[in-house]
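Here are some notes to read alongside the structure you are about to open. Take the points in order, with the model in view.

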Amino acid sequence: MVEDATAPIENVAELQLGKEFQDIHILSNAQVAVILQASAGYAVSRDEELNDVYRKVQRYVNRFTSMTNPEKEHQEVVDELDNLQDALSAFRKETEDGEEQELHPAEVAALMNLVATDTMVEEAVALIPSLSRFPEAAIDEILDIIRSTIIRIVS
Amino acid sequence: MFYVKTLSHEIVLEPVHFGQKLRATLVRLLKEQVEGLALANYGYVVNVIEVPEDQIKSGVIEYDTGSVIFTVQYTALLLRPFIHEVLDAVVSQCNPLGFFAFVGPLRIFVSKHSMPEDMFNGFDGEKDAWISDDKEVVIASGSGVRLKIKGRTVEQGNITAIGTIKDNYLGLIDDGEAQGPV
């Protein structure tokens, strides 16, 4: 593995992304789909060809997003996703020693990508180990927020 | 995972491009040179989102060639595998050692040692698939799998990651039939 031995160990399960990734903005698949759609329209209007990587990513996000509904108004879905992201980013829980915990952007993106309506706390913690720092009730609350958004989008 | 970051890139512009459309030419060249590129540390550049006008500073003339070097800052949408993250991927190819799956342009290899015990000997050469002992799980080209990234290498402008489906809640998601060809 070509990793610099002196660099800090990267481990997203412990929310260690590496020093160069402290100021990045992480996106979920659904948000990427929105960006690419807008960009595609722009390129087509200027008669530019979309490159290979772009098309592969577009196929990928269109396949693996649980939060889409072709019959719904596009803007409605975008709004729901934005609301969900805001709700998750603003999620706060007080721990026993009075400190406030919030969700890391990597966790928000992972949650939006991986959680489905039937995901339980156990599965969520197995997929996103850093969530274990929250009490079970808090994780259930988080899953509930996502569940209700998915149901709203898909129905 | 997908993320947005501001990066900078050097563009060498020959004098023939100078004139009214200098900025537009710079943006076009930037997109051509950078989109689709695999940067060693940052991952694949999927899309150039924005090139802020005020970020295109004055260029420096290269005395040897007469061309001008512009350092352009731009915001890009990038895709990079992070260690221990869980991702959904599409299987492209199975072989006796494991299978290859793709997340967009990113190639991930899952070796048979990173598969559950009941799939270890499950390679079926005729069907080109990995099948579990109880025949319930069939991983073939086009299937969707959920995997965890264990490591990554960069070679010749491509990023390859190593993945596993051995842990709980990982593995086959769908058989890809509803999706059509990838």
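Predicted model: local features only at pLDDT ≥ 70, side-chain atom pairs only at ≥ 80, totals over all residues.

**Notes on the two chains and their contacts**

1. Residues are numbered from 1 along each chain as its sequence is written, chains are lettered from A and ligands numbered from 1 in the order in which they are written, and side-chain values use heavy atoms, with hydrogens and water left out.

2. Where do the domains of chain B lie? Domain 1 covers 2-79 and domain 2 covers 85-174, with bounds that come from an automatic or database domain assignment. Their centres, taken over C-alpha atoms, are 36 Å apart. Six residues of domain 1 of chain B and seven residues of domain 2 of chain B take part in the contact, where contact means heavy atoms within 4.5 Å.

3. The two domains of chain B bury about 580 Å² between them, with 73% of it on carbon and sulfur atoms. Buried area is the accessible area (1.4 Å probe) that two parts lose on being put together, summed over both. On the side of domain 1 of chain B, Ala38(B), Tyr44(B) and Leu79(B) supply 74% of the area buried against domain 2 of chain B, more than any other three residues.

4. Now turn to chain A, which has six helices and three strands. These are DSSP runs, numbered from the N terminus (helices: H or I, at least four residues; strands: E, at least two). Along the sequence the pattern reads β-α-α-α-β-β-α-α-α. The C-alpha atoms of chain A fill a box of roughly 60 × 45 × 25 Å, taken along the principal axes.

5. How do chain A and chain B meet? The contact takes 37 residues from chain A and 45 residues from chain B, and the chains bury about 3700 Å² between them, 62% of it on carbon and sulfur atoms. Glu10(A), Tyr60(A) and Arg63(A) supply 18% of the area that chain A buries against chain B, more than any other three residues.

6. Two salt bridges link chain A and chain B. One of them pairs Arg146(B) with Glu123(A), whose closest N and O atoms are 4.0 Å apart.

7. Finally, have a look at Ser111(B), in strand β8 (residues 106-111) of chain B. Is Ser111(B) buried or exposed? Ser111(B) counts as buried because its relative accessible area is 17%, and buried means under 20%, exposed over 50%, partly exposed in between (1.4 Å probe, protein chains only). The side chain of Ser111(B) reaches the backbone nitrogen of His113(B) at 3.0 Å.

Notes:
Polar contact = N/O pair within 3.5 Å; in protein donor to acceptor, adjacent residues only side chain to side chain. Salt bridge = Lys/Arg side-chain N within 4 Å of Asp/Glu carboxyl O.
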